Every structure is written in C-alpha cells, then in structure tokens.
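Here is a short briefing to read with the model open beside you. Take the topics in any order you like.

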Amino acid sequence: MLTVRALRRLHISVSFDLQDGECVALQGPSGVGKTLLLRSIADLDPNEGTVTLDGTLREAMPAPAWRKRVTYLAAEPGWWSDIVQDHFSGWDDALPLVTRLGLPSSCGPWPVQRLSTGESQRLALVRALMLRSRVLLLDEPTSALDSASTAAVESLIAERIANGTSVVWSTHDSAQASRVASRIFVMSADGRIGDSRP
Amino acid sequence: MTYIQLAYGDLVLPALLVVMDGALSLALRLRLERQLAIATVRMVVQLVLVGYVLTFLFAAVSLLWTALAACIMVLFASREIIARQKRRLPGMWSYGLGAGCTLLAAGTVTIFSLLTELRPDPWYHPRYALPLLGMILGNTMTGISLGLDALTNGLVRERAAVEASLALGGTRYQALLPALRDAMRSGLMPTINAMAAIGLVSLPGMMTGQILAGVEPIDAVKYQLLIMFLIAGGTGLGTLAAVLGGARLLTDHRHRLRLDRVLAEKSA
C-alpha cells in the first residue's frame, strides 16, 4: 500500500492512500498541478511530506530504488540513446509487450527519431512496465494514441492492476477515468484533491 | 643568446597601425573607435604593469610572492570562465568551481613539470613557474568553460531524456553520462585541434618568442612540445573535475535533476 501524507510541493498539499491493485484517476484542468503531484510522489522534485510503500519510508532507501518501485511515466517520453532497443535492458523480454501494443517486432533497431508521437509513447510505456514496479504513476499515457491503441494500453494496465500493481492515472478524458479507475481524484486550483467514485 | 632589444620609442611606428585601424573605423563608420581605444590603452597598461611585476618577482624569487601572483592569475581565469557561461550557476558555486578546478589542474600540471623535468633552482623560480602557469591556465580555462557550458546546455536541452532515466531508477551518474561525455568532448576539442594544426597553420607564440630571443629552433620546439603536453594534461584534468563538479551541483542526494539551480539565460 502506498500512503501519501501532507505531500507539499509549491501550492500542492495532498494526502491519500492507494491500495495494492487499485487504480485511481487523477483529473483537473491543465496547469493545476497533476504532473507536479506525480513527480513529487516519485521524488523527482524537492518536496515535503511523508510517503511510504508498505510502511517503508521512501527516504529509507536510495532514490533510484524507490523509483524502481514507484515509477513515474512522463507525458512526453525522453530518450537518451539514438536506437530504440538501447533503452531496454532486455529487448527480447520486452517484445511480447511491444507487439501487444500494436508495434512491429522489428522496431528494436529503429532510430528514435523515426518514431511517431504515438509509437514513442507506447514504447516509453513498455520501457516503464519492464521494471514491474509496485506503483505506476502514469501521466496521460494515451494522449497521443488512437482508440485501438488506447484500448490495448488500458487492457494491458488492467492486467497489471489485477496482479496487484497500484496505479495513479492522470487523464483529461472523463470516460477513460471511469473506465480504468475505481476512484477519481479531482485536483483543484488550490492544490488539493477531492475524492469521488465514478 | 643574442636578441634585438626594443626601446619604447621603437614602438611608436608600429602603434601607428592601430591608429590606422581607428581611422578606418571612422571612415567606414564601424563605430569601433571607442572600443579600440579602450582596448589599446588596457593592453599597454596591463602589459607594462605585468612587465614591472615580473621584474620585481624575478628579483625577489620568493615562494610567497610567486604563490600570490599565481593565485591572482587563477582568480582572473575563473572570472573569465563565469563570464563565458550562457547559463550560470549561482554566485559562489560557479566561482568556487571555476577557481577550484583551474587551480587543481593548472597548479598540479605546472608543479609536476617544475619538479620532474625543468627543475629550476629553487623549484618555484617565478621565471619558470609563472609563464608556464599562464600558458596552461589560459588553455585549461578554455576547456573548463566550454565543458561547463556544454554540460548545462546539454542538460537543459536533454532534460526529458535525463529525467526519463532517473524516473526509471537510474542513478544521477547513469542519467547524466551522455551529457558528461558531450561536455568532456567539447572541453578537449580545442586542445586536440590545436595540437593537430600546430606548426602547419600557426607557429606557437612561445616558440616564436624563444626563436626571436636567439634560441635554436629545435630547442624551442622541445619547449613547445613540453608545453603542449602540459596543456593537454591540464585541460583534461581541469575539464573532468569541472564537469563532474558541475554534474554534482546540478543534481542532489536524492538523484534529482536540479535545473532550478541554473540561473536564467543571459539576455545579452
């Protein structure tokens, strides 16, 4: 279980619990701080507050170990090498997920430059899923995808949730929020979240 | 050794060439007269002062005075490093990093050459120590400022890639490695280019000076080779230290990228 108590970053002040195998949708107008919240939980920005995973404080472990368990997936993927498969520790292990999301299995040696926005987004999702993290913090993971690809992503994440992964899913699409999540957090301009059930 | 000594009067005729530049600027409305005049006056004053300071230092041969002169040179070098950054680290950090790395690299290499090969008596004799330090300093400074500039610009440009690596559980050194490599490459490139072109495109200043002073060309070449080796070593060492230090300043103990510590781009 992920617990977040009095997490503060700029104007944000948030507390919530996230059970194993639970998916929460995070909604709210653009610029309200959804990305800031997700990044803060992953400890990617300086922030205050108590965040624990199964009772263990994140400060009790090195930050890289925390982020392998509580993984943030940015809305805009970043690539540190020119070739797609260089970003995966085991490309062959990633292939089933790659093909499942509708990408050709031959895309490993492709240059990153050649990827479309949607391909890039799906490959970044696969790259994050390979960590088998306990908690996924997804920042608009289907914003660049058509409906078929979106459905593929949703079903893949649903499987992970069924296997016990917890997810915070930021989305502007209310229909998607009620499809994927059992709870919806609505973030307001004062940096707080209101809890509602779809 | 024989050389033709110059009197101040001998410089009047050559100085007319600068006046010619000024006249050109006026005639073509380049509006460089002011800058040209200031630069010329600065050059004359600075060089004459340095001449007297060196005369004093060479007569004194004191470790204290030599060290003081060396420190002042390092301070000017680090100010120059900061001035060349497009995006700066805040205040003391960048000053400390620039001064620390130039001092470490140029100092180490200069002392290394004084103690192992040149061995003047005493080893800190300013006639050897200060010119050597000056030449190494100038090049180390260029390497460090280019390296730091490439590092901060690279991190700002490749922010998404660095943060993706961090978000996936990479350490700050893993995440910054591509940017560190680029920064090292930029820092070392001028030295490598200079070594490749030396003698063909340009006759280095120190070698020219020695030849004018009556030294056999082949002896002057040996000195120049020594200097170039020292410069290569100092630049490598200084750039490595500066780039690693910069990487540390731009991340924190929780392996976060801290671009908020870089001051905004210079508007000019």
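The largest nonpolar core has 101 residues, and those with the most contacts inside it are L73(A), L137(A), W169(A) and I136(B). A nonpolar core here is a set of buried Ala, Val, Leu, Ile, Met, Phe, Trp, Tyr and Cys residues joined through C-beta atoms within 7 Å. Helix α5 (residues 126-157) of chain B gives the most to this core, with 14 residues.

This is a predicted model, in which local features need pLDDT of at least 70 and side-chain atom pairs count only at pLDDT 80 or more, while totals for chains, interfaces and linings use all residues. Residues are numbered from 1 along each chain as its sequence is written, and chains are lettered from A and ligands numbered from 1 in the order in which they are written.

**More on the core**
- L73(A) touches A124(A), L125(A), A128(A), L136(A), L137(A), L138(A), D139(A) and P141(A), leaving aside residues up to four places away in sequence; two residues are in contact if their C-beta atoms, placed from the backbone, lie within 7 Å.
- As background, nonpolar side chains tend to be buried together in soluble globular proteins.

**Where the chains meet**
- Chain B brings 15 residues to the contact and chain A brings 20 residues.
- On the side of chain B that touches chain A, helix α6 (residues 159-167) of chain B gives the most, with seven residues.
- That side of chain B has seven nonpolar, five polar and three charged residues (Ala, Val, Leu, Ile, Met, Phe, Trp, Tyr, Cys and Pro count as nonpolar, Asp, Glu, Lys and Arg as charged, and the others, Gly among them, as polar).

**Chain A as a whole**
- Chain A has six helices and 10 strands; helices (H or I, at least four residues) and strands (E, at least two) are DSSP runs, numbered from the N terminus.
- The radius of gyration of chain A is 16 Å, close to the 16 Å that the globule rule gives for 198 residues, so chain A is as compact as a globular protein of that length. The radius is taken over C-alpha atoms, and the rule is 2.2 Å times the number of residues to the power 0.38.
- The C-alpha trace of chain A spans about 45 × 35 × 30 Å along its principal axes.
- Of the 198 residues of chain A, 40% count as buried; a residue is buried if 20 or more other C-beta atoms, placed from the backbone, lie within 10 Å of its own, exposed if 12 or fewer, and partly exposed in between.
- Among contacts in chain A between residues at least 6 apart in sequence, 71% join residues at least 24 apart.

**Strands of chain A**
- Strands β1 (residues 2-9) and β4 (residues 48-53) of chain A run antiparallel, joined by five bridges; two strands pair if DSSP finds at least two bridges between them.
- R8(A) stands opposite E48(A) in β4(A).
- β4(A) also pairs in the antiparallel sense with strand β5 (residues 56-57) of chain A, over two bridges, and T52(A) has L57(A) as its bridge partner.
- β4(A) and β5(A) form a hairpin with two residues between them, and D54(A) in the turn has a positive phi of about 50 degrees.

**Backbone points to check in chain B**
- A cis peptide bond joins D121(B) and P122(B), with omega about -5 degrees; P122(B) is in the loop between α4 (91-118) and α5 of chain B.
- R119(B) is in the loop between α4 and α5 of chain B, and its phi is near 40 degrees, a positive value in a residue other than glycine.
- R29(B), in the loop between α1 (12-28) and α2 (33-60) of chain B, has a positive phi near 55 degrees.
- R29(B) is exposed, with 8 other C-beta atoms within 10 Å, and R119(B) is exposed, with 12.
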